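Reader: I want to learn how to read salt bridges in a model. Please walk me through them.

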Amino acid sequence: MNDPSAHQVLLIIADISGYTKFMVSSEIEIKHSQHIISELIDAIIKKVDIPLEISKLEGDAIFLYAIKDNGRFTIDDIRKITVEKLFLFFEAFHEKLQEQASHASCKCGACSNVHALRLKIVAHSGEALFYQIHNFNELAGKDVILVHRLLKNSEKNEEYLLLTENAFMDIEFPCKLKLMESSERYKYLGQVKTFVYYPSG
């Protein structure tokens with residue numbers, strides 16, 4: 001393992017909500033639910049492109065990052081590309097979801113309830129330490145912890161894009177986009193101002 005290097009980063013987690021209750025009890029349902037989740041994650045992965053990179057898959061979620069000081073893209077490029085990708089993630093997810101629902105001939109609990117799955121995306125901007133372990137980049141630090149904590153929040157809707165104030169400043173959104181201001185509080189991390197967008201709203 002090499003010595004860690006610090007970079008300014010934009011951190012994003014795309015998480016399929018409803019996954020826990022979707023993983024039902026019988027063997028056939030578990031097998032089918034895993035296949036459906038894998039297909040949905042794959043649809044999102046196909047939309048990932050530089051400057052965004054995949055750090056790791058985390059069960060029902062994809063952990064992504066963009067290094068802001070990478071020298072290949074300007075910060076303006078990163079801001080514009082990232083917002084396009086965020087909307088593409090929702091679009092790809094729902095296209096695949098509709099495809100799965102329309103082609104489902106199986107009547108098991110997993111296949112019958114595929115329409116109940118939703119996508120939530122959280123984003124935060126800060127600093128991360130990069131550890132090179134074999135061919136993988138492992139990210140660590142306070143901001144990496146925070147973006148993961150944000151998955152547990154007070155939001156009642158099942159599908160949304162939630163950004164910290166830092167991420168909001170780093171992503172160039174269309175001026176007509178309606179974002180709701182809110183906040184979250186986490187032990188040891190304090191109060192976090194957030195902006196929430198509802199894709200279906």
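Author: What follows covers the salt bridges and their surroundings. The model is predicted: local features need pLDDT of at least 70, side-chain atom pairs count only at pLDDT 80 or more, and totals for chains, interfaces and linings use all residues. Residues are numbered from 1 along each chain as its sequence is written, and side-chain values use heavy atoms, with hydrogens and water left out.

Reader: What counts as a salt bridge?

Author: Side chains of opposite charge can pair when their charged atoms come close. The rule asks for a side-chain nitrogen of Lys or Arg within 4 Å of a carboxyl oxygen of Asp or Glu. That gives nine salt bridges here.

Reader: Which residue does Lys-56 pair with?

Author: Glu-138, with the closest N and O atoms 2.8 Å apart. Lys-56 sits in strand β2 (residues 53-58) and Glu-138 in strand β5 (residues 136-140), so the pair ties together parts 82 residues apart in sequence. Strands are DSSP runs of E, at least two residues; helices are runs of H or I, at least four; both are numbered from the N terminus.

Reader: Where do Glu-99 and Lys-96 lie?

Author: Both are in helix α3 (residues 75-102), three residues apart, about one turn of the helix. Glu-39 joins Lys-96 and Glu-99 in a network of salt bridges.

Reader: Is Lys-96 buried or exposed?

Author: Buried means under 20% relative accessible area, exposed over 50%, partly exposed in between (1.4 Å probe, protein chains only). Lys-96 has 17%, so Lys-96 is buried. Glu-99, at 39%, is partly exposed.
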